[in-house]
Each structure stands twice: as structure tokens, then as C-alpha cells.
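This report describes the domains, the interface and the strand pairing of the structure shown below.

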Amino acid sequence: MENNTKRYWRGIEELTNSPEFVKHAHREFGDAPIANEKGEALIDGTNTVRRDFLKVLGFGVSAVALAACEAPIKKSIPYLNKPEDVEPTIANWYASTFIDGGDYASVLVKTREGRPIKVEGNKASSVSKGALSARMQASVLSLYDNEKLKGALIGGKAADWAIADKEIIAALGKVATRGGQIRIVSNSILSPTTKKVIGDFIAKYPTTKLVTYDANSVSGLVQANGGILPSFDFSKAKTIVSIGADFLGTWISPTEFAGQWAKTRRVNSAEGGNKEMSRHYQFETIMSNTGANADYRATYKPSQEGLVVTALYNAIASKVGGATISSASVKIAHLDKAATDLVATKGASIVVSGSNDPAVQTVVVAINVMLGAYGSTIDAGSPVNYRQGSDAEMTAFINEAKAGQIGAVIFYNANPVYNHPRGAELAEALPKIELTISTNDRADETGSLCKYNTPDSHYLESWNDAEPKRGFYSFTQPTISTIFKTRQTQSSLLTWSGLNGDYANYLENVWVSSLGGKTAWSKVLHDGIYEPAAGVASNVPQTIGLADAVASITKNYKANSDKMELAIYEKVTMGTGSQANNPYLQECPEPVSKACWGNYAMVSLATAKKLSLDQEVELDTLEVEVSVNGKTVKLPFIVQPGQANDTVAIAIGYGRTKAGKSANNVGINAYPFASVINGNIAFSNTGDVIVKATGETAKIARTQTHNTVMARQSVVQETVLSAYKKNVEAGRFKPSVLTSEGKKEISAENGNKEQINTTGVSLWNGHKYNNHAWGMVIDLNTCTGCAACVVSCNAENNIAVVGRQEVINRREMHWMRIDRYYSSDADVEDAKGLEYASENPEVIFQPMLCQHCNNAPCETVCPVLATTHSTEGLNQMTYNRCIGTRYCANNCPYKVRRFNWFRYYQTDEYDFQFNNDLGRMVINPEVTVRSRGVMEKCSMCIQRIQAGKLEAKKERRRPKDGEIQVACAQSCPTDAITFGDMNDETSEITKLLNAERKGRAFGVIEEINVKPNISYLVKIRNKEEKVVKEEGEVKEHA
Amino acid sequence: MTIMKRLKNVSLMAILVFFASVASVKAQDNAEGEQIFKNNCSTCHAVTDEVVVGPGLKGISQRRPIEWIVTWVHNPQAVIASGDKYAVDLYNKYNKAQMTAYPGYSAAQITSVIAYIDAQVTAVVAPVAGAVVAGAAPAAGSSNGGMMQYVMIALLGVMVLVLVALLSIVSSLTKLSTITPDSIEGQKIPLLQRIAENGKKLTANSAFKTGAALLITLLIGKATLDSAYGIGIHQGYAPEQPIQFSHKLHAGQYEINCTYCHTGVYKGKGANIPSANICMNCHNAIKRESPEIQKIYRSLEKDEPIQWVRVHNLPDLAYFNHAQHTNVGGLECTNCHGEIAKMEVVQQRSSLTMGWCIDCHRKTEVNAKGNAYYDKLVELHNSETKEPLKVQNIGGLECSKCHY
């Protein structure tokens, strides 16, 4: 795809236009083997032999014919004693709190007849501000995971809770009496009351110590900030520099940061509208979600990280007249420019680093102090509690365990055997510990090695509180009674301490006394939040030990290294792997690589060439063997444009072995490859890293080049800020046609001689929307590609998970996908430039869903009128009328229609969310579960529209703007999606379109005149207009 | 005699008109009282002397002062606890079953309920007269239907006559054509033989054979299609329920408001089958010993919900929302469910096919009055046409109104 200035591509294969790619591009529905090894014909995409299929079909037809004669008797079973506030078929919403380790969000839980079916952000919270990540959206499905423990286990066998308690109390008593050490190993605990419970436990067993660690540790950052994690506010920043911190995707509290970041990126084309943007520099090893959204981006190798920070320090220091520090220099593009901007916007600048090395973070603190960031963009006065882990404590614990010095250990929702680099050592040491207890929800890698499993309840079944930020509280209340015989760990700890095990009561007592009454307690539970205090006055931390830090950096980092290095990263969709058995997350493509169901070794194109790895099209790739300091794994490799050369990157979160069907043996576990710098875990390894091809081929489920854009020109549009300031229509692609009078621009108005109005020409009468005209605007400038909308859509619309093989077969069912395009500044004609295009391309994300065209090409080709247009501007899809010709998908220019190849529910081949009674509890009863043989696509959440309209009609009024929200718009952490009624003059969308119609708004491929009801806003990069190729600035410092 | 009859009719009319006007005046005051009474009180109290669960309320305004009644309704327990003799006696008389408190109703509202009860007593003649009139309407209706039948039968008769006439013409013509001057015997051939011969001739006629075959095929085809269309349609379906609950008794005789049990019908998608605790509101006092009621007790004891058999089954692919039709559309329950109040066993009265839904959406006018949601739509519609705004005019026939 090209437009007037740039060439866009979605993968290397598309850029090079390899024959394999071309072959696949023309096969819209993918291919599947047509015969098995015995040569028997197969049914498309399955292992069913065609003959067998016909036999079954014959039986099926007669069975159906017989069954049709008599209607099955359906039972209607009412409540025996209906709870007063539950009205069947009417949803109830409860405020609660999502907590997974240190990940936090205040949520609203939608329940139907007592079943939670969807979580959405609680906008009342001033901490999470109603934003949820993909993982939080998916968490509702984890509630109904059938592979969780169904009760207490003793020695791997089901046991009575009472017996388990008795034995545990006896064993704890024994350990305590002989003075044995007891440890509670946990991830960050956000709940103050849980900490109080642990305090009670410690009072009873004084040899107990709480060991906190985080799988994605930031303990280096905490150390450098004097033991606290300051809160960052990107919304106040004019210049943002991130050195390896994926703060929009995975770093600390990404949804919160994404919201703040977007505030500084939102522009408005109306006269007097905001036309200023922050400038975002990203220096990193891999192409992260954040890097993909940065204005300027450059790469470094993990071994250079410390020196990049010192180089930035020196660049700034020399500009502000401070003392520079002595360290080796590195050659990193844009670094000096970043320093110039940071200094220019002093007081509104922020530098963050993803490094876990306290020495590096100390320099970052020093930089931020120089820039006056503390007190404006960084607030040390109201620290956050998201990460409290200490790598040193955890290392000490593992050493003690190995030495046999631990008498008892309780793993409180922590799985270090899997997610700690020294997990294997811990696994060996565990048998030496007399009493091992795991409260993890399943008998996972750690839990299965423990004698007692006392499973904790899911957060949707629990009572709890949380203090994500000092003085900001949030509450968890159960939205369903425990599904299995699980018990909250707080109750367990209270019971084992010999106290009353009723944690709900305990929590209530604590809060009633601190709030001063039951009414107040009920109110905060109802609101889900309690925010009594803003933080104390911000104090600027002392930069202590800068010299030591620099010395340490000089020792640990190298300016130049030819060696292969390993980068370990966290995927936006999978995180640390705590929810790995969640099929929604497994199938959600990672924003940048667009790969799902597993991890892989990523290398740059140059490195791939160096290693003689010839990548073919996205489905078939080569298997490589990555060995790090002697540890070896085999996994498929992919070429990742924009990655640092001579590095290989592997994601954590995969390679679970005891998490459940969806997670087990999907990918490999990358945690053991992490190294240690300054006593802290570093997600990189600069040791002996060898990558070589094994000679085998491998497949990756990757959606990036499914549904090619063919030769369309105006799919994504972008410009730079300076051009936009001059002309709000900068970057807009204006399609033109050749007429007898020469080339003319297509316009809706026929304004001048250069324009021609072809948009008014139509074969159809057009549609008239008297009532509502639903529409959507997606701002490409604030969309970060985080995929929260994708998972939210899945959960709202009962979208089937199809599994790895079916994704490989190009049959994923997502109604909403996020297209990711790479582009380069090189001239379209410049072949040589394109060769290097993949070195560091620009990235643009584009959420793509049914465009609800007013001249919909799908509607005209349906032979059975299963897809029609509504009087409210929606393109409707009627499943029960569809006969599956797939003409509509063929004719859809956006390729947003999905064909249901199989029955993805109640079928053992698709053993994901809909294959057991428990999993089906998550189904949204307002939306049909589609069967095989029908087309499906985005319905613009018609069920929500209808429900919203009905609510308004019942109250005898018009719907209020914002009252009806579609799932994707609701879930967007950056508010990039605006949904509403374009007929309502007061609505947000009308205002936005009024401002942008003569500005940034465009319809995708508008030259084909399908008139979509979804508009996109041009992406704007805060870059210099004419990009001067900076061949890496060389800055020499004494 | 006829004059007498006429006079009687006139006087009856006059009385009716009088009562009607009285009733309409009173109705202003009593409408609210009636509403409240029917929704809350009628489950346990009758307006007559009859004891339902609690005492009959006839003459209550004479028996007790209004202040007492208000206090009692607001909080019966407090009145009993205060040692009020009348209250304590009442409590003991009715097996110490306590009346539900209604603290939400104002004194004025309670007074309006009493006014309604009193009006029922004074209007005791009116209902009788009303009954006659009310009875007349269905009678007219049924006579209308009967008339239709007569017309049909008459038409059929005419058609038979026409057929006979035509046949006789045909036979005479055939006769004329076959009779030759030299075969006088022709006329002497016995009738039966002639019919047989003609029959033979007819069966030999290929055109006739084809026609007959076509006719039979068409008939069979039609029968098959008709029955095929009937698959999945369960009009008249009246399954046996685990408990022999009679709507005729509850909704008909006792006039319990539908929403008393079907709590969701104005609020949400489902009308809701009542939970056992709703049954227990009354049946913890009335007819406890009945074997059917015992079943409810048993299920409560065993903690097993009652498995009612679903009568109205819409396929999962169709979305139907009660509130849209009852609350917004203002439709009566009987519109789709038929005369439930007369059904001993509930049966499916309507076909519930898509054609049936669509048909209604074509015909029905939008209940737009007093609903600001529709204001602009009505205005737009009226500017274009004089036809009333029907459901189909606002997208009521669109697929995604029911299928998503």
C-alpha cells in the first residue's frame, strides 16, 4: 500500500512482495490440508475423513427429521426465593477492584442472574480513570476456568478444608515452637487490610517474614527513589523520553499512563482547537508497543542501556551547565535532540527507564531532578504501590530455602517456580521445607510442588480493599458466591492464626471503624472507591551515590559489543503469564508482532540475514535454537522490523506447564534466561547467546498479513505536527479520477474546476436516518494499539476462540482487529531506501471493524438478504438467514467479515471458553452464539444500542449522549474511539466531526465511495517536517 | 308488550347512563385507589364481606376511623404491639398471620383506597348492569362470527346449486350431442349404466387424467407444505405443569394483577415466572393443606426450585423484550397471551411465528403519546403523510430489531 508520500507494509513478506505472500494474499479464506496421510479426503480444516463425515451427516439429517416431530420440553426454573435486588433478565452492576499481583483497576462488574459476564472500567476512580487493559477485560473469563482447583488438596489429593486447617495449624505450631523460619512469599500486595491480616499471622508466628517479589520487577526503580515508587504523570509532560520503558504497554500501570499520554496527544482541527502535542522519544531494544507510538525512536543493545542513560545525562548536563559524568560514549540516534527538547521544556519533561538496575535508575533520578520533573511530572509525594517487590529479599529466600533454613512457606498467589529466574533452584529446594502451602488458584508449577493447596478465590468472588496510591482506596466486593470450594487466603491466614476466619467481617470492622459508620462503609462499597487524601507535598529525592552508580554502569555496560544479546520482554496481551490459561488472551494478537498463541525468537532483518535465516511468509517460519549460557530452547523465529541488530528477543508469560489446557506447552518459558545486575533481575542476557537454525520449519499463528489491503491507497493517513499546524488537512489523501478534462479530485461539493463530485453518484436511493444515525470516530493519533478493545469486544459479543491451528488457517473470529502498518520515510521510488526500510520503520495502528457503510458492498451481493441496512445507519447481520455463501466477505473492501467454519462451542476440538457448562456462564445472554456456516461481523453492539434506547423510551425521553456506549469505545484507555448518534447535535461525535470534517477526518478507502459511518482521524507525528537522516550522533565526553 | 319492552330498555339505559356518569365522577377520585387496591390489597382482601386471606373490607370506613386505618396500614405490627384491642383481636382471629406493612403510601392514597372500597359497595347494582352490557359485546361479537358462518354456508349452498345447474346443462348438452336420430335406445339406457359409461369415457380422456393428477399433486403438496410450516409452531400448546396452578382462579376470579407475580413484565426482557416466595406471600396462610400447595412447601423444604414447563418458547435467535411491548408500547398481556384469566391450564394462544410478529408490527400504531422519545419521529412522519405512525415506519421490520 502506498499513498502520495510513503509506502506502508504489514510485514517483511509484504514489503518484499515474496511469491509466497502473493500466493496467500489471493486466498481469502486460507487453505487447509485436503487429504490425510492415508490419502483419504478430509473435510476442510479438520481431521475428519470426508466419508465419515457423510455417514454422520446422514444420521444427523434423519435424527433432526425425527426430532423435529416433537418439540423438546423446555423447563422454566424460577428462583425458589428471589433475592430482592435481582430481577431476572436485567443486569446488575457492582463496583469492584481488579487486582492481579500489582496490576490494579477499579472496575464495574456486569452480572446477569448472579453471573459476572463483563468488567468495565470505573470512571469514578481518579487513579485508574475507567481504563482497563486487555488482560483486565479478559479476567472475567478466568473466573470460569474449569482447571482451577475445586477445593483444598493435601499431597495432591482432595481434602476437607477442616482437615487441611487442622494439619496446617499443627504443622505451623511445630515449626514455630522449634523456632523454625516461616515465610509468606507473595507478589505485591495492594490491600492494606490483607497486610494487617498478615500482621496478625506474624503476631501469632513471630518467625514469619513476608517476602514480596514481582515477576516483572522494578525494584531497581524503587531503590533509586529511596524505597518508594513515585507516581508519574505523563499528562503534564511536553517532552517524554523513555529508555526501554514500555509505559503504554506493560510498564507498571500502562493503562493509566496511556490515558495521560493521550491527553498530551489529542489535537482538534477546529479553529482555536488544541494543536500542540507532546514529543515522545523512545530508546529501546525491541519494537515495543510504546516504541511503536513514539515520534522518534532509536535502538540500543541491552549491554548499552546504562550508557544510553549516562549519555543522556551528559547531554542534558552540558546544556544546563551542570557537571557531566565520566562514562564511555555510545552512538545512539536522536539522543542529543531528545536532550535539547528535554531542556527546552524543563519543568514539563519526563525521563523514564525500564531498567531494573538501581545504578541506571539513580542516573535517571538525577536526570529528572535536573529537569525539574519532580513536583510536576513525577510526584514522589503520592507514591504508588503497584510494585513492592524486592529482588534482594527473594534471592535471600531462595538461598535460605536451598540451605534448608526454612521451616514453612506459604506461597500467597505467587508462582516463583515458573516466574522467577531461579525457579528451578526453588523447585529443587522445596522438598527440604517441612511445610509448603500454596494458595494459588490452581496446582501450578509452584502449587503442585506444595504439600497443601488451599486455593484462593478469584477477585470476582472476594472481599478486599486496595491502596494503589497513597491515600486512594478501592474496594473489592464479591459478585458471585465462590464457584468451587475455594477460600480467600486472608480467611485462611486468619484461621491459621487462630482467629475468626471471616475476612468479610474483618474487612468491614476495619473500615467501619475508620470511616465511622456502616452507612459510610456501604457508600464506599457502592462507589468502589474512597479517595480521602491527595498526596503530601512532593519532596525531591536526594540523588545519592551518583558516582557509585556511574562506576557500576561503567563496569556493567559496554558501548560497543558485536556479540549476540538476548532481550526478554513482556507482551501486552500476556503479561507475566499469570492469566496464561485465558483463551481470550492467548488468541489476542500482540500489538506489534501480530502473533498469538505462543512466543518466538525475534530478530531484526539484518541479523536474520547474518544468521542465514530466510523467513518465508508469515505461516511457515524456521525453528531456531537459542542457547543462553548453556541453557537451550527451540522455538520459531520471526523478523521484527525495528529491533536492535544482533539481538534476539523472547517474551515471558509463555511455556507454562501446569496452568491448564490453553496455556500448557504453548511457547517456552523465558524467565530462566534473565540475568542479574546489581542484585536485581535484568530482563536481558549479555552472556553467551547463540542463535542457530535447527533445520526444521515451524508455524506461528500470526494475523499481520491476513486479509491483504491489495493495492488500496488511502487506508492509513498521517502527517507531521508542523504541517498540521499550517494546514489542518495535511496528510489527507484526496482521491482523484481521470476525466476528459484531466485529473480531478473527488469531492463531495464540486467546489472548483479541479474537483468533481462523484460521491453523489450512486446506484442506490440512499438512506434516510430520521431517528438515530450511529457512527464512530477513531483517532489514529491517540490509539496505541493496546488491544483492550479487541478483548472487550470478544467478551461482549461472545466471540469464539478458535485456537492456534485455526488462526494459522486464517480463521480467527475477532470482529475487531488492530491493523499495524510499518512505513518508512524513504521515497516510494527509492528502491535502495526501501531495502533499509525495516531497520527502524514508523508504525501506525488502525483499529479495523465493520465500517457500517451507507453504500455497503456486502449488502448488494447477499443472495438471501441476510445482511441489510437499518434505519439507524447500521449494517445488520442476520445469522439465522445466512446460508454461508461468503459473497459478502469477498466483496467487503475492509475484510472485516468472519466466517464461522465450525461450531466453536460444545465441540472438543475447540476446547476453549464455550466447551463446558462453567465456561458458558460467561456468555452474554443478549447476543446469539453463532453456529457454523454463518458470517458474522461487528454489529456496533446493537444489543447495547437497543438496551439504551429501551431505557430511554421507558423513561419517556431521548437517549442522552454517552449513555449508549459500544464495548470498544467504552474500554479504550485513551478515549481514541468516540461512538454516538450523529443526528444528535449535542453529542460528542457530532462536535468532533464538525471540527474534523474539514480537518483530519477521513473514511478508509473513501475513493470507492462506500460511505462508511466510521471515520478515522489522521495520525500526527510530532516530528520535523523534512526528516534529516541522523546517522547516529556521536557525542564525545571527557 | 313491545312498548313495555322498549320502555324497560330505555329505563335501563337511563340507569346505566346515570351510573356511568356517577362512576366516571367517582372514578376521578377512585382511579388511584383502585390501582393501589388491585396491585397490593386484592391478593388478600375482597371489597365484599368475603374472607380471602384477611377480612373482607366492606364497610371498613364505618368500622374503623380513618386515622386508625392509616396507622395500621403503615405498620400493623406496631399497632398490635401497642395493645390496641381491635388489632389484637384481628390478629388472633386470623391465625396470627400478620398483614404486610405499606409505609410508602400516604394517608391520602389510603383514603382513596377506602373511597374505592366504599364505591364498590354503593355501585353494587352497577356491576350487574355493567355485566349485562359487557356480556352483550362478546355476544355481538360471537353473533358476528356466527353470521359469518351462515354467510359461508349460504355461499357454499349457492355454489352447490350452481354446480348442479352447470352439471345438468353439461349432461343435457352431452346427451344432445350423442343422440343420433337412429338410436332411440340411447334414451332408454338406464341411468347407472350411463354414468358408468361416461365415467369410463372420462377416465380414458388424457386431459382429464393429467388434470386429476395435477390436482392430487397440488393437494398433497399443499398439505405437506402446510404441515411443514407447522413444524415448530405450537399454537395451543398447553403442557401439564408440575403444580396445577390455575390462572382462571388467580387472575380471573381473584383478579390478581399480572405484575404481582410476573414482576419483570414492565421492567425487562422477561416477564418472569414467580419465585416460590411470591406464592408464599398468600399461601403461608391460605389453603396450606392443599396437595398442590404442599408441593411448593416441599420444594422449599428440599431447596429444589419448581421446574415449570415453558409454554411460550421463542427460539434463541429471536430477541423479545417484554418491557418494550408492555411499558413502552402499552400493549395488554392478552394481546399475545389470549384470555389468560379464563385459562385453567395456560396454553399458547398465538403462533409466535415471525410472520405473526411482523404482521403486528405492520398494523400497530406506535404508542408515541406522552413519550418524548418519539416526538421528533412523529413530527417528521406527520409532515410526510397523513397515515398514523406505525411500528414499521420506525424500523419495526428490520432484522436487527430482533436478531442479534
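Chain B is assigned domain 1 (2-123), domain 2 (197-231) and domain 3 (353-404), with bounds that come from an automatic or database domain assignment. Taken over C-alpha atoms, the centres of domain 2 of chain B and domain 3 of chain B are 44 Å apart.

The model is predicted: local features need pLDDT of at least 70, side-chain atom pairs count only at pLDDT 80 or more, and totals for chains, interfaces and linings use all residues. Residues are numbered from 1 along each chain as its sequence is written, while chains are lettered from A and ligands numbered from 1 in the order in which they are written.

At the interface, 44 residues of chain B are in contact (C-beta atoms, placed from the backbone, within 7 Å) with 39 residues of chain A. Among the elements of chain B that each supply at least two residues to this side are helix H12 (276-283), helix H13 (291-302) and helix H14 (322-328); helices (H or I, at least four residues) and strands (E, at least two) are DSSP runs numbered from the N terminus. H14(B) gives the largest share, four residues.

Two strand pairings, each requiring at least two DSSP bridges, are listed here.

In chain A, three strands make an open antiparallel sheet in the order E1-E38-E39. Strand E1 (7-9) and strand E39 (842-848) of chain A are at the edges with a single partner strand each, so one side of each has no neighbour in the sheet.

Methods
Contact = placed C-beta atoms within 7 Å.
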